[in-house]
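Q: Could you walk me through this structure? I would like to ask things as they come up.

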2 protein chains.
Amino acid sequence: MTGKSNAFYAQSGGVTAVINASACGVIQAARDHPEEIDHLYAGRNGILGALREEFFDTNLESPESIAALMHTPGGAFGSCRYKLPNIATSDREYTRLIDVFAAHNIGYFFYNGGGDSADTCLKVAEVSSAMNYPLQAIHIPKTIDNDLPFTDCSPGFGSVAKYVSIATNEASLDIASMCESSTKVFILEVMGRHAGWIAASSGLAAQQQGEPPHIILFPEIAFNRESFIAKVKDTVEEAGYCVIVAAEGARYSDGAHLSGSLQKDAFGHQQLGGVAPGAGKYA
Amino acid sequence: MTGKSNAFYAQSGGVTAVINASACGVIQAARDHPEEIDHLYAGRNGILGALREEFFDTNLESPESIAALMHTPGGAFGSCRYKLPNIATSDREYTRLIDVFAAHNIGYFFYNGGGDSADTCLKVAEVSSAMNYPLQAIHIPKTIDNDLPFTDCSPGFGSVAKYVSIATNEASLDIASMCESSTKVFILEVMGRHAGWIAASSGLAAQQQGEPPHIILFPEIAFNRESFIAKVKDTVEEAGYCVIVAAEGARYSDGAHLSGSLQKDAFGHQQLGGVAPGAGKYA
């Protein structure tokens, strides 16, 4: 691409503690390259803002406002949980996106989200190429799960890892305080449908071998009821209590989740939760 | 009482974020009055430590260690969930307590806990009086629920109020960020069996009229399904989303809880939880 064009940025999916920090980075970097990027537009409510031509012109914001994004919770421009249709059956929305981008001279498409957003980004790139529209489609990683392919550490994971390790530590101290005459087994259920990174981060609570969490249940390792119960019994016998951290995606060897409902989210994923029905009720 | 005697301090029930700060206050105050209090013993695992004569002599700890209790999580000496028997049917354990106190020249009994502990404290005072044993039985309040009679603000409530108001604020910002295409109704379930103070503290998240939480469900106010649903619908229509904070003890006018299981805890209280089965799953 020659000459300068505009850029479009959108947030997608569940917002993390740091998604606005990613927005801040994109906007500040764009401002550092005025020879290539003129206006940086942010979509209102994610990709929906592009489909509807609802843009925020971030050029109108002061450097102070943009810097403040670093510490702003929520999703500053609005996010969405919206899945573009299967491109094999309908490319109508993809071509609509390219039409909108063309109307606003968008040469750069920054899409800030997780795996589904990366997939959308790829399809937008493919459609723009097929339509001979010059577009750089760039995915900005975001997941708390830290499970994006080819991405070593995803923005969003660090905050959750810190939260989970502290929560595990504090809950363990509470359980230890009164395990002799009260709760001896405590299960903390954490997010993680397919990836055990969040569950694993609870291990940061342990300073030494034998300290809680005593057991971590990963989606990647098949749950074995007998060995689990044996380990819980041994731990209660030795330590007086047992702290377990379970990923919501923990499953048996046949793939059945320890707990799952029939609810599905907007992406058709099974809604999990309920591994630890009494979690949070220990006190 | 004349001359100096020893004191006994014990922690009871679920530990709060500040129960060790109360311990710190008791120990430092005792040290300020050496003419009245000689040794201050802390019971290991609460009142069980008295029944079993398992004491920590806090006099052996440095002033620095005692000061550090102010910021120490968990229950430093161990707590318990142990209910002394009904004194009308058996006073054996009460007289055992007095016997132990007499053996260690305990003139002051500090019991740090909630409503059940206050009741135990009263009974110990009555038994000591009936046995002509000179004992000052003093209850140190502790509940996160802030529901102790004659106690304006209970240590333990403040930390929870801060946590709940911040959690409500952060979750509301997340919901607002993507309500157009995702979750529009979010329910945060908080503790509070009979008292709505914790649920009420979520209201601190709102700076202005109309800001979340939009609805708070109290145990003290009968739940009306129709008016609740109407309010949720109106709020979603006006604000785009609706944040509800529900006390676990929220109930219908006939006293039935919105959700409750048949499990009972050590005190025979019904184990609540499940008002918001999908809480925490909004992202």
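Q: How much of chain A is buried?
A: In this predicted model, buried residues account for 47% of the 283 residues in chain A.

Q: And how many helices and strands does chain A have?
A: Chain A has eight helices and 10 strands, and its C-alpha atoms fill a box of roughly 70 × 45 × 25 Å along the principal axes.

Q: What domains is chain A divided into?
A: There is domain 1, which covers 5–141, and domain 2, which covers 160–272; the centres of these two domains of chain A, taken over C-alpha atoms, are separated by 36 Å.

Q: Back to burial: how many residues of strand 8 of chain A are buried?
A: Six of the six residues in strand 8 (residues 242–247) of chain A are buried, so this strand is largely enclosed by the rest of the structure.

Q: Which way do those residues point?
A: A:Cys242, A:Ile244 and A:Ala246 point one way from strand 8 of chain A, while A:Val243, A:Val245 and A:Ala247 point the other way, and all are buried. In a regular strand, side chains alternate between the two faces of the sheet.

Q: Which strands are joined to strand 8 of chain A?
A: Strand 6 (residues 185–190) of chain A runs parallel to strand 8 of chain A and is joined to it by six bridges, with A:Ile187 standing opposite A:Ile244. Strand 7 (residues 215–217) of chain A also runs parallel to strand 8 of chain A, joined by three bridges, and here A:Ile215 has A:Ile244 as its bridge partner.

Q: How does the chain cross from strand 7 to strand 8 of chain A?
A: The path goes through helix 8 (residues 225–239) of chain A, and this β-α-β crossover is right-handed.

Q: Switching to chain B, what is the order of the strands in its open sheet?
A: The five strands of that sheet in chain B are in the order 3-2-1-4-5, and their pairing is mixed. Strand 3 (55–57) and strand 5 (136–141) of chain B are at the edges with a single partner strand each, so one side of each has no neighbour in the sheet. From one strand to the next, the twist averages 25°.

Q: Which helix packs on that sheet and touches strand 1 of chain B?
A: Helix 1 (residues 19–31) of chain B does, touching strand 1 (5–11), strand 2 (37–43), strand 4 and strand 5 of chain B, and its direction makes about 175° with that of strand 1 of chain B.

Technical notes. Residues are numbered from 1 along each chain as its sequence is written. Chains are lettered from A and ligands numbered from 1 in the order in which they are written. This is a predicted model: local features need pLDDT of at least 70, side-chain atom pairs count only at pLDDT 80 or more; totals for chains, interfaces and linings use all residues. Two strands pair if DSSP finds at least two bridges between them. Helices (H or I, at least four residues) and strands (E, at least two) are DSSP runs, numbered from the N terminus. Axes are lines fitted to C-alpha atoms, for helices over the stretch in contact, and angles run from 0 to 180 degrees between N-to-C directions. Two residues are in contact if their C-beta atoms, placed from the backbone, lie within 7 Å. A residue is buried if 20 or more other C-beta atoms lie within 10 Å of its own, exposed if 12 or fewer, and partly exposed in between; C-beta atoms are placed from the backbone. Domain bounds come from an automatic or database domain assignment. A crossover is right-handed if, with the strands pointing away from the viewer, the path from the first strand over the helix to the second runs clockwise.
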